[in-house]
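This report is an introduction for a reader who is meeting the structure for the first time. It begins with the ligands and then turns to the protein around them.

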Amino acid sequence: MALNRLSLFVAALAAASQWVSAATVPSSTSQTASVETAAAFSNKHKCPTGQTTSNPICCKLFPIVDQIQKDLFDGGECGEEAHSALRLTFHDAIGFSIHGGKGGGADGSILAFNKTELAYHANGGIDDIVERQFPVFLETGLTAGDFVHLAGAIGTANCPGAPRLDYFFGRPAPKAAAPDLTVPEPTDSVTKILARMADAGFSAAELVALLSSHSIAAADVVDPSIPGTPFDSTVDTFDTQVFLEVLLKGTAFPGKGNVSHPGEVLSPIAGEMRLQSDAAIARDSRTACLWQDMIDNQQAMMSRFKAAMSKMQVLGQHGLTDCSDVIPTPKPFKGHITFPPTFSQKNVQVACKSSPFPKLKTVAGPAPTVAPVPGS
Ligand code: HEM
Ligand SMILES: *[C@@H]1O[C@H](CO)[C@@H](O)[C@H](O)[C@H]1NC(C)=O
Ligand SMILES: *[C@@H]1O[C@H](CO)[C@@H](O)[C@H](O)[C@H]1NC(C)=O
């Protein structure tokens, strides 16, 4: 009788889903194996907590997501912690080379071996988020890699306009600290940055896609006298504004007395910081058209960033489970980006000759001053 019910179930499932071909339903394995195959295809596992996931393994993550929102992100904000949680995923994962010998990739070594990795120059300012994450990491019982990349995806989801990032689950504990000099510095040349990213498996297009993250970014240590200085005028929104503002002609440094620091170049707006690396990548012939193509191209930016982040969070990892459905859905960014008040096309340093610059409106009003990110 049990066998009859099972056969009926498998047959009904195969009939209902065109893509379950006869070949994918094992014919000579045990009943249990058939049931598991059928359940995996159903894509509708209901967890004890009420949510739905494609894989029951992911159920344990729903309460952890709530806990991370409460204990790390002030109940779901796109604030300082969310921004730095995203940055942390990069500084963790990029400790990797496709040729080997540069760390375990997206393994959480930046948390577990914090004493070693936080001493690296490129990890300046990362100590704050490691300190904030460490106790929450211990509470959740996840491995360091699963935690860092889960927190990054959740923090990003708190920012309107962000794509809903994928999340892959099941990383083992990291084995060792990543070596020094894997994380690009803002003082590096475009050639050096492209070479480092290529060594980790990323193209120039993927680098530009990843730099969408600087839409929700601020600097604490480039100029330590003005912590929390944003890279664009909409630091709470994951939009394409940063790609526009990095191309505006720079006029001053944001610090008191118009003084410059290594890694920054002249910025166009009071209270805004422009990284030397962003400025150079926006203007370099190898990357300028990729950069310009992001401007006011919200959907393309979202899908390119999501794809590159998916790749980044599994660097050095194998056999992970897709638990993307535990990640909250971000609020959308609707409409178009604009020139900040008093700016227009005449302030743009166009660097891509092969395609027209997008037409944007200017917001009315006096020249803005960008406020620092609270809590920085
Ligand atoms: C060319 C490569 C990159 C360079 C040179 C670079 C450099 C920097 C620098 C200097 C800061 C400011 C640090 C501080 O003073 O506190 C920063 C912030 C940030 N970066 Fe990058 N970055 C790069 C790529 C990335 C990537 C690939 C991501 C993520 C996918 C990322 C995410 C962020 C975020 C979210 C912040 C803001 C952190 C906060 O506001 O607390 N960056 N980056
Ligand atoms: C760094 O990791 C150690 C465990 O190796 C932990 O005790 C410590 O709290 C961590 N430091 C920070 C700043 O979180
Ligand atoms: C700030 O300093 C730079 C040179 O370091 C200069 O080119 C620029 O005009 C100055 N801006 C203001 C507003 O003083």
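## The shell around ligand 2

Sorted by class, the residues of the shell around ligand 2 comprise two nonpolar, one polar and two charged residues. The model is a predicted one, and in it ligand 2 is surrounded by Asn-114, Lys-115, Val-130, Glu-131 and Phe-134.

Two helices, α6 (114–117) and α7, each supply at least two residues of this shell around ligand 2, and the largest share, three residues, comes from α7.

Ligand 3 is surrounded by Thr-251, Ala-252, Asn-258 and Ser-260. In terms of class, its shell has one nonpolar residue, three polar residues and no charged residues.

## The protein as a whole

The protein has 376 residues, and 41% of them count as buried. Its secondary structure consists of 14 helices and eight strands. Where contacts in the protein have a separation of 6 or more, 72% of them are accounted for by residues 24 or more positions apart.

In helix α3, which covers residues 61–71, the residues Leu-61, Ile-64, Val-65 and Ile-68 are buried. Seen down the axis of α3, the buried residues fall within an arc of 105 degrees, so they line one face of the helix. The elements that cover these buried residues of α3 include α7, α8 and β3 (168–169).

Gly-141 is located in the loop between α7 (126–140) and α8 (144–157). Is Gly-141 buried or exposed? Gly-141 counts as exposed, because it has 10 C-beta neighbours inside 10 Å, and a residue with 12 or fewer is placed in that class. Although Gly-141 and Ile-64 are 77 residues apart along the chain, their C-alpha atoms are separated by 9.3 Å.

## An annotated site

According to an unreviewed UniProt entry, the annotation "binding site" covers Asp-92, Gly-105, Asp-107 and Ser-109. These residues span 18 residues in sequence, yet no two of their C-alpha atoms are more than 8.3 Å apart, so they gather at one spot.

Asp-92 lies in helix α4, and Asp-92 counts as buried because it has 32 C-beta neighbours inside 10 Å. When neighbours within four places in sequence are left aside, Asp-92 is in contact with Ala-106, Gly-108, Ser-109, Ile-110 and Val-148. Gly-105, by contrast, is found in the loop between α4 and α5 (109–112), and Gly-105 is also buried, with 26 other C-beta atoms within 10 Å. With neighbours within four places in sequence again left aside, the contacts of Gly-105 are Ala-93, Gly-95, Phe-96, Leu-315, Gly-316 and Gln-317.

How values were computed
Residues are numbered from 1 along each chain as its sequence is written. Chains are lettered from A and ligands numbered from 1 in the order in which they are written. This is a predicted model: local features need pLDDT of at least 70, side-chain atom pairs count only at pLDDT 80 or more; totals for chains, interfaces and linings use all residues. A residue is near a molecule or strand if its C-beta atom, placed from the backbone, lies within 6 Å of it. Ala, Val, Leu, Ile, Met, Phe, Trp, Tyr, Cys and Pro count as nonpolar, Asp, Glu, Lys and Arg as charged, and the others, Gly among them, as polar. Helices (H or I, at least four residues) and strands (E, at least two) are DSSP runs, numbered from the N terminus. A residue is buried if 20 or more other C-beta atoms lie within 10 Å of its own, exposed if 12 or fewer, and partly exposed in between; C-beta atoms are placed from the backbone. Two residues are in contact if their C-beta atoms, placed from the backbone, lie within 7 Å. The arc is that of the directions from the helix axis to the C-beta atoms. UniProt positions are given in the numbering used here, feature names are shortened, and annotations may be inferred rather than shown by experiment.
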